[in-house]
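Good morning, and thank you for coming.

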Amino acid sequence: MKLFTILFLLFSTISFSQVNWMTMNEALAAQQKEPRKILMKSYTDWCPNCKWMDKHAFAKADIATYINKNYYPVKFNVEGTEVINYKGATYANPFKKRNDRAQHQFASFIRIFEYPTLVFFDERGTIINPVPGKLDSKKLEIYITMLSDETYKTINTGKKWSDYQRDFKYKLQD
């Protein structure tokens, strides 16, 4: 009976791992205590590709676990009303009341023009790179591992990027 309980708990934890999303302000505050990169997933409520990524890429247990371990994961609604304090400036969505699809000032500031867009920040909260568009779990794995282990710093040509993708060894896929 004990073995069954242990196996059940282990299986439940592994099978139902999910990304522990937070706000940008929470992630920036957490960085002050324990430096870690931030992975921001920007989305809109009406975006089908955003929902697809939640269901098919972020929902994979190994990917969710990897993100939770290596990043502060932020889920940011680019049409939302969250007030964000970033590097001494305050960003909001003052036009939301007049236009339900008004873009948040922070989204404009970091140049998000396509949904979804992943935005990676370093341990000090500085933007590393945005990655626009729908990513499946394999593409997502390439980006989250490349950014977390800082391999991205050595990829500075199209050929190096192509070679990196071609030679990438997947570890987080079922």
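Let me begin with F58, which is buried, with a relative accessible area of 3%. Please bear in mind throughout that this is a predicted model. F58 is located in the loop that runs between α3 (48-56) and α4 (61-70). Which residues does F58 touch, not counting those up to four places away in sequence? They are V19, W21, L39, K41, M53, A64, I67, L118 and L140. Because its relative accessible area is 3%, under the 20% limit, F58 counts as buried. Between F58 and C47, 11 residues apart along the chain, the C-alpha separation is 15 Å.

C47 brings me to the disulfide. A search of the whole structure finds one, and this disulfide joins C47 to C50, with an S to S distance of 2.4 Å. The link of C47 and C50 is right-handed, with 85° about the S-S bond. Are these two cysteines buried or exposed? Both C47 and C50 are buried.

On confidence, the mean pLDDT of the protein is 91, and 90% of its residues reach 70 or more. I would treat one segment separately: over residues 3-15, pLDDT stays under 50, and for these residues the model has two contacts beyond four places in sequence.

Now to the sheet. It is open and is formed by four strands in the order β2-β1-β5-β6, with mixed pairing. At its edges are β2 (71-77) and β6 (127-132), each of which pairs on one side only. From one strand to the next, the twist averages 20°. Helix α2 (residues 24-33) packs on this sheet and touches β1, β2 and β5 (117-121); the direction of α2 makes about 175° with that of β1.

Taking the pairs in turn, strand β1 (residues 37-43) pairs with β2 in the parallel sense, over seven bridges. Within that pairing, Y43 stands opposite N77 in β2. By contrast, β5 and β6 pair in the antiparallel sense, over five bridges, and here V119 stands opposite P130 in β6. The hairpin of β5 and β6 has five residues between the strands, and in this hairpin G125 takes a positive phi near 85°.

H104 lies in the loop between β4 (89-91) and α5 (105-109). Its side chain reaches the backbone oxygen of A92 at 3.5 Å. Leaving aside neighbours within four places in sequence, H104 is in contact with F76, V78, G80, E82, I84, Y91, A92 and N93.

I close with the backbone. Most residues other than glycine have a negative phi, and most peptide bonds are trans. Where does this model depart from that pattern? The peptide bond from Y115 to P116 is cis, with omega near -5°, and P116 is found in the loop between α5 and β5. R111 lies in the loop between α5 and β5; its phi is near 65°, a positive value in a residue other than glycine. K87, in the loop between β3 (84-86) and β4, has a positive phi of about 50° although it is not a glycine. As for accessibility, K87 is exposed at 55%, and R111 counts as exposed at 61%.

Thank you; I shall be glad to take questions.

Conventions
Residues numbered from 1 in each chain as written. Predicted model: local features only at pLDDT ≥ 70, side-chain atom pairs only at ≥ 80, totals over all residues. Heavy atoms only, no water. pLDDT = per-residue confidence, 0-100. Contact = heavy atoms within 4.5 Å. Pairing = 2+ DSSP bridges. Helix = DSSP H or I, 4+ residues; strand = E, 2+ residues; numbered from the N terminus. Axes fitted to C-alpha atoms, helices over the stretch in contact; angles between N-to-C directions. Disulfide = S-S within 2.5 Å. Buried < 20%, exposed > 50% of the residue type's maximum accessible area, 1.4 Å probe, protein only. Polar contact = N/O pair within 3.5 Å; in protein donor to acceptor, adjacent residues only side chain to side chain.
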